[in-house]
Amino acid sequence: MFKKLSRKSDGAVLAENAFFAGTWFDRLRGMIGRKFAAAPFDAMVFERCNAIHCCWMQEAIDVLFVTPELEVIKVCHGVKPWRFARTSGKNADTIELPAGTLQQFAVKAGDHLEWK
């Protein structure tokens with residue numbers, strides 16, 4: 001499933017084709033062995049996920065932790081391979097994006113996003 005992710009306040013499009021990792025295998029693999037530049041999607045979404053790892057990944061990524069209502073809880077810029085990111089939000093979803101995306105759009109905690 002692919003969806004467009006944008007910020008409610010100004011309509012800035014963070015991802016044109018966000019991929020929802022819905023199967024066990026998709027969640028297990030995530031971005032391992034993939035690069036956003038070569039993927040058919042520009043974001044990967046993990047529902048009910050408050051921590052990620054970047055083990056075996058090939059590039060740094062930006063990570064957003066959001067509530068089920070898509071309010072940004074935490075922003076992590078340029079998480080490098082072999083690093084971890086997490087939030088204390090128990091009902092958080094995680095959105096992984098190409099490194100630099102969150103800085104480009106000045107995404108910050110408290111922003112509200114939406115799927116289109």
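Predicted model: local features only at pLDDT ≥ 70, side-chain atom pairs only at ≥ 80, totals over all residues.

Let me begin with Lys116, which is exposed, its relative accessible area being 57%. The partner of Lys116 in a salt bridge is Glu114, and their closest N and O atoms are 3.8 Å apart. Glu114 itself counts as partly exposed, at 24% relative accessibility. Elsewhere, salt bridges with shared partners join Arg7, Asp10, Lys108 and Asp111 into one network.

Is Asp111 buried or exposed? With a relative accessibility of 7%, Asp111 counts as buried, because the cut-off for that class is under 20%.

How many salt bridges does the structure hold? There are five. One of them brings together the side chains of Lys4 and Glu16, at 3.8 Å from N to O. Lys4 belongs to strand β1, residues 2-7, and Glu16 to strand β2, residues 13-20, so this pair ties together parts that lie 12 residues apart in sequence. Both partners are partly exposed: Lys4 has a relative accessible area of 29%, and Glu16 one of 42%.

Finally, I turn to Thr87. This residue sits in the loop between β7 (84-86) and β8 (93-98). Thr87 is buried, with a relative accessible area of 9%. Which residues is Thr87 in contact with, leaving aside its neighbours within four places in sequence? They are Asn50, Phe65, Ile73, Lys74 and Ala92.

Thank you for your attention.

How values were computed:
Residues numbered from 1 in each chain as written. Heavy atoms only, no water. Helix = DSSP H or I, 4+ residues; strand = E, 2+ residues; numbered from the N terminus. Buried < 20%, exposed > 50% of the residue type's maximum accessible area, 1.4 Å probe, protein only. Contact = heavy atoms within 4.5 Å. Salt bridge = Lys/Arg side-chain N within 4 Å of Asp/Glu carboxyl O.
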